[in-house]
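Colleague: Before I set up any calculation, please take me through this model, with the criteria behind each term.

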Amino acid sequence: MDITELVTLAGAVGGMQGIVELARWLRSRKMEQRKEDADITAVENQNSRMQIDWLEKRLAERDAKIDAIYAEFRKEQTLRIGEIHQRHEVELRLTEAEARKCLVRGCPSRIPPEVNS
């Protein structure tokens, strides 16, 4: 192809402006592809952020529920320990009363057995 055929072909395609637009399109298509990729990445990042926020909210709700369960557990545990202490105190008093029981009946000077030991 010689120069006259190239000029004729360029004129048929759209002249000098057509060549300029073709060159601009060739240059900008990569930039447009990068913009599209960036938009897709931004949407994916936003979706990930929304999912992370949802998971964090769900985790916070579960933590609050677990904290409430632990508080209830500690309250019940405190009540049970208090009940055990009370029962042990009663058992201790009963054991002391058994140890101080007088073996001599009808005697005006009752002697508890622990004094004899």
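Modeller: Buried means under 20% relative accessible area, exposed over 50%, and partly exposed in between, with a 1.4 Å probe and protein chains only. This is a predicted model, in which local features need pLDDT of at least 70 and side-chain atom pairs count only at pLDDT 80 or more, while totals for chains, interfaces and linings use all residues. Residues are numbered from 1 along each chain as its sequence is written, and side-chain values use heavy atoms, with hydrogens and water left out.

Colleague: What share of the 117 residues in the protein is buried?

Modeller: The secondary structure consists of three helices and zero strands, where helices (H or I, at least four residues) and strands (E, at least two) are DSSP runs, numbered from the N terminus. Of the 117 residues in the protein, the buried share is 3%.

Colleague: Which element has the highest mean pLDDT?

Modeller: Here pLDDT is the predictor's confidence in each residue, from 0 to 100. The protein averages 84, and 82% of the residues score at least 70. Among the elements, helix H3 (residues 113-116) has the lowest mean, 53, whereas the highest, 90, belongs to H2.

Colleague: How far apart are the closest N and O atoms of glutamate 83 and arginine 87?

Modeller: A salt bridge is a side-chain nitrogen of Lys or Arg within 4 Å of a carboxyl oxygen of Asp or Glu. Because glutamate 83 and arginine 87 are four residues apart in helix H2, about one helical turn separates them. They form a salt bridge in which the closest N and O atoms are 3.0 Å apart.

Colleague: Is aspartate 39 buried or exposed?

Modeller: Aspartate 39 lies in helix H2 (residues 15-99), and together with Glu32, Glu36 and Asp37 it gathers in a surface patch of negative charge. Such a patch takes residues with over 30% relative accessible area and no salt bridge, like charges being joined within 9 Å. Because its relative accessibility is 52%, aspartate 39 counts as exposed.

Conventions: Patches are made of residues with over 30% relative accessible area and no salt bridge: like charges are joined within 9 Å, nonpolar side chains (Val, Leu, Ile, Met, Phe, Trp, Tyr) within 5 Å. Accessible areas come from the Shrake-Rupley method with a 1.4 Å probe; for residues, only the protein chains shown count as cover. Lys and Arg count as positive and Asp and Glu as negative; His and the chain ends are not counted. The place of a charge is taken as NZ of Lys, CZ of Arg, CG of Asp or CD of Glu.
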